[in-house]
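Here are a few exercises to work through with the model open in your viewer. Try each task before reading its solution.

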Amino acid sequence: MDIKKREVETMSPIRFYNTYSKQIEEFKPVEPGKVKLYSCGPTVYSHPHIGNFRSFLMADLLKRFLEFKGFEVHHIMNITDVGHLLDDADEGADKLEEAARREKKDPLEIAAFYINSFNTASEMLNIKPADSFPRATEHIDEMIAMVQTLIDKGHAYVVGHNVYYDVTTFKDYGKLSGNTLDDLNAGARIEVNSEKKNPQDFALWKHDPKHIQQWDSPWGRGFPGWHIECSAMSVKYLGEQFDFHTGGEDNIFPHHECEIAQTEGATDKQWVKYWMHGRFLMFDGEKMSKSKGNLYTIQELVEKGFKKNAIRYALISSHYRQNYNFTFDGLKAAETAIDKIGQCVFTVKDKANPATTVRQEVSAFTEKAIHDFGDALSDDLNISKALAAVFELVKEANKLDDPTTSEAEAIVEAIQKIDSVLGVLDASEESIPAEIMEMAEQRKQAKLAKDWSRADALRDEITSRGYAIEDMPRHEYRIKKID
Ligand code: AMP
Ligand code: ZN
């Protein structure tokens, strides 16, 4: 038997908990060797907090692990810049508009500002960027087309200038969240909006003359409901059937339940194979949230002196299907853990003698570490077990008094392979100073005001301080330290 074949056979199958079936299932990609992954991204009306990033890091860990396993991953993350109302149940002001009124800016300016904040924090956390970050406001045509299909197929109905989804037409409505229509109806508030046929029907297109962002549609001027963006954009970028859809647990209902009704109602096909949801990050016993205001941003923690890679480690090091209680002690423990791994790399290289032999026991414990790490993550991303494999490797490596150069290389290579998933050692430790962020923002304002000489002068100043600005579409940018 050839070695490659034996290796494949001894590897555990990859298994994940699927919120849809409520079971651990073996992972079988739609297309061999490839994975298509869609993540619900940020609603860009304020700075993202570490709770949001716990969910985004779950997707990053999943993606990096699948790449470690040799899959080619195509990842899409949407940006919500219209339609997400203050109340998930189709009511209240639009979050973007609320912020626009509060900050006396245009909703698109609000979006651009907080997209930059999201990009910068993602970079700080060493999150691999998605292949594309489609924005809701740039996909209105696709949403209108899907709403029209739903009307044509009898799943949606028009009342005046509004369009609603009739949930009684979709037999699997409630399967993801476990909510039955009877239970939902029993618990429903007295309907303010009597236009709907059923209390659980949700808006696909809304008419509201007060709404700032408006588009023409076959049903009059209006704006899309929140859920339709993810159905329309995921189908556009990933097709009618794909592997993973991720989000935080609050996305399960109503957002993802409604997404399924929309997409499968429009395509008549099974849409997403595996639904993965992260449990909340908690602070002082409560869900961390923008609306409660009990939050920390990445920037705030860095300003308090915590290292970015420790924040990353802390946020990924507990299982995604358990709540994570955020504490400063947890961050300190994360720093200690990373130091232990970094110190091992430094010491083993430092101690290495020039010989190139590799003792059998050294190759055995390095290979075992990679194997056990991969096996643990194959078991529904069992991160505690995976980290135990890393620290077993560190313990064995630290025991070596006189490693050879080749042994040191083997150990460092194993740690690097593992870190291609953890992403905590390769992160640059420098954080972007607040004054550089401020100058970058001033430069953007100068560009918007077409004051090119001031924009150039600010760029030069930023460069002279050792940072580079990478311009992105729509006046967005990323800031990086020049190596
Ligand atoms: P939003 O910007 O509100 O649309 O949220 C972006 C993502 O963060 C969504 O997938 C939410 O489910 C997730 N999220 C929000 N709060 C938390 C939290 N405290 N812990 C984990 N994930 C969260
Ligand atoms: Zn979504």
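**Exercise 1. Find which side-chain atom reaches the backbone nitrogen of Leu108 at the start of α4, then describe the helix.**

Step 1: In this predicted model, a side-chain oxygen of Asp106 comes to within 2.9 Å of the backbone nitrogen of Leu108. That's a polar contact (a pair of N or O atoms within 3.5 Å; within protein, one must be able to donate a hydrogen and the other to accept it, and residues adjacent in sequence count only if both atoms are side-chain atoms).

Step 2: Now follow α4 along residues 107–124: its 18 residues span 26 Å from first C-alpha to last, close to the 26 Å expected at 1.5 Å a residue. The expected span is 1.5 Å times one less than the number of residues.

Step 3: Check the covering: 14 of the 18 residues of α4 are buried (under 20% relative accessible area, 1.4 Å probe, protein chains only).

Step 4: Just past the end of α4, Asn126 has a positive phi of about 60 degrees.

A note on the numbers: residues count from 1 along each chain as its sequence is written, with chains lettered from A and ligands numbered from 1 in the order written. Local features need pLDDT of at least 70 and side-chain atom pairs pLDDT 80 or more, while totals for chains, interfaces and linings use all residues, and side-chain values use heavy atoms, without hydrogens or water.

**Exercise 2. Work out how α3 and α4 pack, and which residues make the contact.**

Step 1: The axes of α3 (residues 95–103) and α4 are 8 Å apart, at an angle of about 95 degrees.

Step 2: So α3 is roughly perpendicular to α4 (65 to 115 degrees).

Step 3: The contact (heavy atoms within 4.5 Å) joins Leu96, Ala99, Ala100 and Glu103 of α3 to Pro107, Ile110, Ala111 and Tyr114 of α4.

Methods
Helix = DSSP H or I, 4+ residues; strand = E, 2+ residues; numbered from the N terminus. Buried < 20%, exposed > 50% of the residue type's maximum accessible area, 1.4 Å probe, protein only. Axes fitted to C-alpha atoms, helices over the stretch in contact; angles between N-to-C directions. Parallel < 35°, antiparallel > 145°, perpendicular 65-115°, else oblique.
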